[in-house]
Amino acid sequence: MALIRCPECNKEVSDTAATCPNCGYSIAGRPAFEKKTTQLSAPYKDKADMKKGWLELIGGIVLVVGGLPFVGIVVGIVIDILGVISIISGIGTLQKRKQQGNCPYCGELLYIKAEAVGGVKCPKCQNMFKKSSTTLETTH
């Protein structure tokens, strides 16, 4: 067994492999694997994330307003800084969107960030798959 370079991604691959384990390219005319594809749901905002985001946002506003009278001392400045951080975190949490779909290898129900693109790893079977905006696809 020798190592050769994949013509697609240039990674080292066994010369006996039918496909590149990195990109799925069919090596030297060998039959490629059968791709499996599963559908993803439309992007949505998770209710738990929304609740967390609103709590962070409101908590941050309370901290900023509560710390204003004490700005003259270090404690007030620290409280205001924590409040601003909490507000920024809350806004980020409120903007998160997820999608759900089944792993194309093991069928496990997955919740994936809608913004994620490219390679994603299944936490159950540890296989990598490609994510597009609407599908999950096997890579090997």
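A helix here is a DSSP run of H or I with at least four residues, and helices are numbered from the N terminus. I85 is found in helix 2. The model is predicted, and the elements named below are those found in that model.

Helix 2 covers residues 74-95. I85 is also one of the residues of a nonpolar patch on the surface, which includes L63, L68, V71 and V74 as well. Helix 2 gives the most to the patch, with 6 residues.

Four strands form an open sheet in the order 3-8-7-6, and their pairing is antiparallel. At the edges are strand 3 (37-39) and strand 6 (118-121), each of which pairs on one side only. From one strand to the next, the twist averages 30°. In general, strands of a sheet pair through backbone hydrogen bonds, either parallel or antiparallel.

At T37, the bridge partner in strand 8 is E137.

S41 is placed in the loop between strand 3 and helix 1 (47-67). Is S41 buried, partly exposed or exposed? Its relative accessible area is 24%. Buried means under 20% and exposed means over 50%, so S41 counts as partly exposed.

Which residues does S41 touch, leaving aside its neighbours within four places in sequence? The contacts of S41 are with Q99 and Q100. The C-alpha atom of S41 is also separated by 8.8 Å from that of K98, although these two residues are 57 residues apart along the chain.

## Salt bridges of K98

The model has a count of 4 salt bridges. Side chains of opposite charge can pair when their charged atoms come close. One of the salt bridges joins the side chains of K98 and D46, at 3.9 Å from N to O. This pair links distant parts of the chain: K98 is in strand 4 (residues 98-102), D46 is in the loop between strand 3 and helix 1, and 52 residues separate them.

K98 also meets D49 in a salt bridge, at 3.5 Å from N to O. Because K98 lies in strand 4 and D49 in helix 1, this pair ties together parts that are 49 residues apart in sequence. Salt bridges that share partners join D46, D49 and K98 into one network.

K98 counts as partly exposed, at 23% relative accessibility, and D46 counts as partly exposed at 22%. D49 has 12% relative accessibility. The cut-off for buried is under 20%, so D49 counts as buried.

## The salt bridge of R97 and E115

Another salt bridge is formed by the side chains of R97 and E115, at 3.7 Å from N to O. R97 is in the loop between helix 2 and strand 4, while E115 is in the loop between strand 5 (109-113) and strand 6. The two residues are 18 residues apart, and the pair links distant parts of the chain.

R97 is partly exposed at 34% relative accessibility. E115 is partly exposed too, with a relative accessible area of 48%.

Conventions: Residues numbered from 1 in each chain as written. Predicted model: local features only at pLDDT ≥ 70, side-chain atom pairs only at ≥ 80, totals over all residues. Heavy atoms only, no water. Patch = residues over 30% accessible without salt bridge, like charges linked within 9 Å, V, L, I, M, F, W, Y side chains within 5 Å. Areas by Shrake-Rupley, 256 points an atom, 1.4 Å probe, with all protein chains shown as cover. Pairing = 2+ DSSP bridges. Axes fitted to C-alpha atoms, helices over the stretch in contact; angles between N-to-C directions. Buried < 20%, exposed > 50% of the residue type's maximum accessible area, 1.4 Å probe, protein only. Contact = heavy atoms within 4.5 Å.
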